[in-house]
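User: Hi, I have a protein model open and could use a quick tour. Can we go through it together?

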Amino acid sequence: MMEFGTLEREILLDAAPEIVFDVVSRPEHIRMWWSDDASFEPAPGAVGELVWGDRAGVERIAVVDVDPPRRFAFRWIAPAGRLPDAGNSLLVTFELEPSGNGTILRLTESGWREKGWEAAVLEETFHDHERGWDMFLPRLQGYAPSVVAR
């Protein structure tokens with residue numbers, strides 16, 4: 001039986017941590033590599049949404065931690081109609097570490113067991129998120145170097 005506790009990815013980006021932080025925490029950048037639309041303030045406690053397609057997929061998010069240029073974290077995937085919080089959602093954390101002229105980005109997505117999903121749903125959703133991050137993180141890798149520091 002595979003363990004579905006934490007989904008983790010690590011990538012190297014050819015951009016400074018300050019730029020990568022903006023790219024993972026600001027809606028105008030998130031739209032360029034991940035969701036089709038995004039609306040939220042990158043501030044702890046802020047609530048907003050990520051949108052795919054013509055609102056075919058909409059996920060509410062709650063910003064948890066903003067520590068530029070080191071860490072950005074938010075909760076998402078809460079039950080319909082509920083705000084994401086510590087007891088009902090997944091926590092996505094981007095941790096950034098300088099590496100030469102670039103940045104090592106460590107993504108962790110946790111809270112899987114706490115969702116209380118039956119095993120088949122947990123496994124299917126975990127693998128769906130693995131495939132998703134494996135598709136979107138390379139887009140982030142390609143996009144971040146094109147961003148000029150503000």
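Predicted model: local features only at pLDDT ≥ 70, side-chain atom pairs only at ≥ 80, totals over all residues.

User: Ok. Is Phe 94 buried or exposed?

Analyst: Phe 94 counts as buried, at 1% relative accessibility. The cut-off for buried is under 20%. Trp 33 is buried too, with a relative accessible area of 1%.

User: How many aromatic pairs are there?

Analyst: The structure holds 15 aromatic pairs. Trp 33 and Phe 94 form one of them, with ring centres 6.4 Å apart. Their planes stand at 80°, so this pair is edge-to-face.

User: Which parts does that pair tie together?

Analyst: Trp 33 lies in helix 2 and Phe 94 in strand 6, so the pair links parts that are 61 residues apart in sequence.

User: And what about Trp 34 and Trp 133?

Analyst: Those two form a tilted pair, 4.9 Å centre to centre, with 35° between the planes. Trp 34 sits in the loop between helix 2 and strand 2, and Trp 133 in helix 3, so parts 99 residues apart in sequence are tied together. Both Trp 34 and Trp 133 are buried. One aromatic cluster includes Trp 33, Trp 34, Phe 94 and Trp 133.

User: New topic. What is the strand order in the sheet?

Analyst: The order is 1-7-6-5-4-3-2, in an open sheet of seven strands with antiparallel pairing.

User: Which strands stand at the edges?

Analyst: Strand 1 and strand 2. Each has a single partner strand, so one side of each is left without a neighbour in the sheet. Strand 1 pairs with strand 7 over eight bridges. There, Glu 10 stands opposite Arg 106.

User: Where does helix 3 lie?

Analyst: Helix 3 lies across several strands, including strand 1, and runs at about 10° to strand 1.

How values were computed: Residues numbered from 1 in each chain as written. Heavy atoms only, no water. Phe/Tyr/Trp six-rings, centres within 6.5 Å; stacked < 30°, edge-to-face > 60°. Helix = DSSP H or I, 4+ residues; strand = E, 2+ residues; numbered from the N terminus. Buried < 20%, exposed > 50% of the residue type's maximum accessible area, 1.4 Å probe, protein only. Pairing = 2+ DSSP bridges. Contact = heavy atoms within 4.5 Å. Axes fitted to C-alpha atoms, helices over the stretch in contact; angles between N-to-C directions.
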